[in-house]
Amino acid sequence: MTVLIPVLGDQLSHSLASLHDVAKADAVILLMEVADETTYVRHHKRKIALILSAMRHFAKELRNAGWSVDYVQLDAPGNSGSFTGEVARAIKRHRPASIRIVEPGEWRVKKMIDGWSTHFDLPVDILPDDRFVCGILEFQTWAQARTELTMEFFYREMRRKTGLLMSADGKPEGGRWNLDKENRAPPRRGIKYPAPMHFAPDDITGEVLAMVAKRFSGHFGRLDKFALPVTAGQARRALDHFIRTALPDFGTYQDAMVTGEDWLYHSWLSPALNLGLLTPLDVAQAAADAYAAGDVPLNAAEGFIRQIIGWREYVRGYYWMEMPDVANANALKAKRPLPELYWTGDTDMRCMAEAIRNTIDHGYAHHIQRLMVLGNFAMLAGVRPQDVADWFLVVYADAYEWVELPNVIGMSQHADGGRLATKPYAGGGAYINRMSDHCGHCRYDVKQKTGADACPFNALYWDFLARHERRFRRNRRMTQMYANWDRMASGQRDAYRASAASFLESLEPAAEGWAR
């Protein structure tokens with residue numbers, strides 16, 4: 001009796017649960033390139049190329065391992081353009097007795113798959129995605145036992161569960177759970193930053209790049225110099241390279257920003273990780289092993305592992321617990337349309353221009369650029385959080401809704417009202433000046449507080465606090481900010497708000513239909 005095993009484009013793992021405990025002779029694996037998934041938002045060209053190339057390489061590996069693979073290319077005759085349509089066509093070809101699939105990462109796909117059993121009149125076995133450290137039900141059980149969510153406490157549970165950076169006596173290595181205070185150094189002059197490992201496109205990737213360049217020419221971003229890992233073997237080499245060349249200093253400088261330096265000490269492993277070419281435990285264990293061997297300091301290993309088994313797992317659990325309502329959350333009632341500069345990078349704000357240039361070139365910007373530059377600006381300017389979320393989903397090669405939406409709606413835009421993060425991640429020009437060299441190259445003067453030549457972040461920051469004073473004044477983590485506001489003369493406060501209004505008036509909105 002044949003079982004049909006659809007494998008989605010972000011499930012490219014040989015350890016996938018649906019491939020366990022099934023005889024190869026009785027199974028057909030279905031991989032589908034469908035138009036719906038390439039255009040439900042107008043994804044960065046590099047992201048489309050990455051996923052399609054990785055899928056085609058994965059199919060080749062499965063065949064070499066003895067699996068029967070039914071692979072539907074995007075331009076195949078009769079391609080229906082949807083997952084459901086391609087499963088229907090595969091059922092006609094193979095006459096399976098049942099369907100076996102791992103739960104998808106996105107809500108909209110889950111709703112689609114939930115209807116397959118009735119639609120196809122076949123048993124559909126939807127398996128938990130055990131590539132994650134924390135299952136969805138496990139997270140919900142943890143969350144329901146608490147009056148408020150705190151990532152730090154969740155992270156400690158994941159450390160205990162995995163044993164990563166734990167001493168034999170059950171205490172955290174080094175005596176502290178979190179070394180974040182040691183991970184906020186500004187960039188030093190003269191540092192030579194290591195580049196991530198690059199992989200020259202092979203024939204499969206070259207064919208995909210040519211197709212994407214032709215079919216998706218109007219999509220955002222650039223395709224040239226594509227060098228991302230597209231197989232599990234390449235991804236593992238990229239991980240080993242990062243551990244050896246960049247992780248030792250990752251912790252110290254992980255919040256730094258430097259003009260013209262696109263990677264610094266960041267790994268750029270998230271596209272491979274979110275595709276399934278690496279598993280979170282693979283990645284976290286490699287960092288822990290490097291610490292145990294004395295090759296990296298504890299602050300670097302801990303900071304990196306916290307991102308993988310702490311924050312990444314936490315936002316996934318939050319996503320499945322809060323969907324679908326969180327997708328439309330707008331607690332701050334932000335109404336401004338996304339500014340056009342997010343698409344062009346055409347702005348005199350050097351920090352914004354650099355982050356957007358990197359995004360256009362690589363489908364990448366590191367977490368501080370995303371949170372404290374691009375996200376911070378949007379929140380201060382009062383941009384609709386759904387516009388911001390759509391933009392992030394379009395432009396980043398590692399963006400899938402389960403990880404992107406909570407980070408944007410909850411952490412970056414505070415649109416969920418503080419459910420995910422206890423305070424808004426708002427900052428003025430002083431923060432960007434401290435953590436980068438951008439301000440020294442900028443037309444605007446970060447030391448000027450108001451006026452046409454002042455850094456726009458300065459006035460926007462205080463205007464944001466003034467607009468939302470009723471909501472945030474009693475927030476214990478914002479007491480000092482409002483104390484500073486109270487000490488200002490009324491004329492200074494008025495000048496901040498007037499400067500902010502003048503700048504916001506100058507912003508051009510993006511054209512309609514930019515995301516979809």
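Which helix do Trp116 and Phe120 both lie in? The answer is helix α5, residues 116-120. Helices here are DSSP runs of H or I, at least four residues, numbered from the N terminus.

A word on the source. This is a predicted model, where local features need pLDDT of at least 70 and side-chain atom pairs count only at pLDDT 80 or more, while totals for chains, interfaces and linings use all residues. Residues are numbered from 1 along each chain as its sequence is written, and side-chain values use heavy atoms, with hydrogens and water left out.

Now the rings. A pair of aromatic rings is described by the distance of the centres and the angle of the planes. Rings of Phe, Tyr and Trp (its six-membered ring) pair if their centres lie within 6.5 Å; planes under 30 degrees apart are stacked, over 60 edge-to-face, the rest tilted. The whole structure holds 32 aromatic pairs. Trp116 and Phe120 make a tilted one, with 6.0 Å between centres and 55 degrees between planes. Are they buried or exposed? Buried means under 20% relative accessible area, exposed over 50%, partly exposed in between, with a 1.4 Å probe and protein chains only. Trp116 has 1% relative accessibility, so it counts as buried. Phe120 is buried too, at 14%.

Next pair: Tyr342 and Trp391. This one is edge-to-face, 5.1 Å centre to centre, with 80 degrees between the planes. Tyr342 is in helix α14 (residues 341-344) and Trp391 in helix α17 (residues 385-395), so the pair ties together parts 49 residues apart in sequence. Both residues are buried. They also belong to a cluster linked by ring pairs, whose members include Phe220, Trp343, Phe377 and Phe503.

Rings can also meet charges. A charge sits over a ring if NZ of Lys or CZ of Arg is within 6 Å of the ring centre and within 35 degrees of the ring normal. Arg316 has its charged end over the ring of Phe132, 3.8 Å from the centre. Arg493 does this with Trp485, at 5.7 Å.

On a 1 Å grid over the protein atoms alone, a cavity is a set of points where a 1.4 Å probe fits but cannot get out; lining residues have an atom within 4 Å of a point. Points are joined across faces, edges and corners, and a volume is the space filled by probe spheres set on them. How many cavities of 30 Å³ or more are there? Seven.

Helix α13 gives the most here, three residues.

Last, the backbone. Most residues other than glycine have a negative phi, and most peptide bonds are trans. The bond from Met323 to Pro324 is cis, with omega near 5 degrees. Pro324 is in the loop between α13 and α14. Leu264 has a positive phi of about 50 degrees, although it is not a glycine. Trp268 has a positive phi as well, near 55 degrees. Leu264 lies in the loop between α10 and α11, and Trp268 has its place in the loop between α10 and α11. Leu264 is buried at 1%, and Trp268 is buried at 9%.

Key: Helix = DSSP H or I, 4+ residues; strand = E, 2+ residues; numbered from the N terminus. 1 Å grid on protein atoms, 1.4 Å probe; cavity = no way out; pocket = protein on both sides within 12 Å on 5 of 7 lines; lining within 4 Å.
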